[in-house]
Amino acid sequence: MTATDRSLELINTAAQAAADKLAHDVIAYDVSDVLSITDAFLLASAPNDRQVRAIVDEIEERLQKELGAKPVRREGDRESRWILLDYVDIVVHVQHSEERVFYALERLWKDCPELELPADAKATRGKAEEHAKLQAAEVADEPAGEW
């Protein structure tokens, strides 16, 4: 069994929306062979809670506007550290970068086939690591001052 055409359409639209809002490390897996509840997972992350919310809002808006799809469930809004959008055919996980590293969903689904995504979404790979290095460099460059 493989992901349906509808699932692939949803995944590609959601991935593009995430990339447009500067998500990091967007990746999708076809989980249809191992799960009966959904066809595919989309994973994306962001370095702060506000951006996590912005990515989720953009995905929801685009899927509704372009494909007439609404999530049947949305979880994790309160803290905005990990928001899950369940569209039945696909499940979207947008995580704060720290949660992404801690929970490592890629490790759980590494045996599932990776789905082809739009070029903009593929270009997000490695952005979390790049952002972390920039943040570390900024902290190292700050002068140690007295309070």
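Predicted model: local features only at pLDDT ≥ 70, side-chain atom pairs only at ≥ 80, totals over all residues.

Trainee: OK, how many helices and strands does the protein chain have?

Mentor: The protein chain has six helices and five strands, and if you read along the sequence they follow the pattern α-β-β-α-β-β-β-α-α-α-α.

Trainee: And what share of the residues is buried?

Mentor: Buried residues make up 44% of the 147 residues in the protein chain, while the accessible surface comes to about 8600 Å², with 52% of that belonging to carbon and sulfur atoms. Among the contacts with a separation of 6 or more, 66% are between residues 24 or more positions apart.

Trainee: Which residues touch the most other members of the largest nonpolar core?

Mentor: That core has 30 residues, and those touching the most other members are I11, V26, L42, I59, L63, V92 and L117. The elements giving two or more residues to this core are α1 (5-20), β1 (24-30), β2 (40-46), α2 (49-67), β4 (82-86) and β5 (90-96), and the largest share, seven residues, comes from α1.

Trainee: What does V92 touch, then?

Mentor: Leaving aside residues up to four places away in sequence, V92 touches A14, L42, I59, I83, L84 and L85. There is also a second, separate core of 10 residues, which includes V31, F41, V91 and C112. As background, nonpolar side chains in soluble globular proteins tend to be buried together.

Trainee: Back to α1: which of its residues are buried?

Mentor: The buried residues in α1 are S7, L10, I11, T13, A14, A15, Q16, A17, A18 and A19, and what covers them includes β1, β2, α2, β5 and α5 (119-122).

Trainee: How far does α1 reach from its first C-alpha to its last?

Mentor: With 16 residues, α1 reaches 23 Å, which is close to the 22 Å expected at 1.5 Å a residue. After α1 comes L22, whose phi is positive, near 65°.

Trainee: Switching topic, how many salt bridges does the structure hold?

Mentor: The structure holds 16 salt bridges, and one of them joins the side chains of R6 and E9, at 3.5 Å from N to O. Both residues lie in helix α1, three residues apart, or about one turn of the helix.

Trainee: Why does a spacing of three or four places matter in a helix?

Mentor: An α-helix has 3.6 residues a turn, so residues three or four places apart point the same way.

Trainee: And why does R6 count as partly exposed?

Mentor: R6 counts as partly exposed because its relative accessibility is 32%, and E9 counts as partly exposed at 38%.

Trainee: What does R74 form a salt bridge with?

Mentor: R74 pairs with E60, and their closest N and O atoms are 2.1 Å apart. This pair links distant parts of the chain, with R74 in strand β3 (residues 73-75) and E60 in helix α2, 14 residues apart. R74 is partly exposed, having a relative accessible area of 29%.

Trainee: What about K122 and E116, are they partly exposed or exposed?

Mentor: K122 counts as partly exposed at 38% relative accessibility, whereas E116 counts as exposed at 58%. The two form a salt bridge, with the closest N and O atoms 2.3 Å apart.

Trainee: Last one: which residues are linked in a network of salt bridges?

Mentor: The residues linked in that network are D20, E58, R62 and E66.

Note on methods:
Residues numbered from 1 in each chain as written. Heavy atoms only, no water. Core = buried A, V, L, I, M, F, W, Y, C linked by side-chain atoms within 4.5 Å. Buried < 20%, exposed > 50% of the residue type's maximum accessible area, 1.4 Å probe, protein only. Helix = DSSP H or I, 4+ residues; strand = E, 2+ residues; numbered from the N terminus. Contact = heavy atoms within 4.5 Å. Areas by Shrake-Rupley, 256 points an atom, 1.4 Å probe, with all protein chains shown as cover. Salt bridge = Lys/Arg side-chain N within 4 Å of Asp/Glu carboxyl O. Expected span 1.5 Å × (residues − 1).
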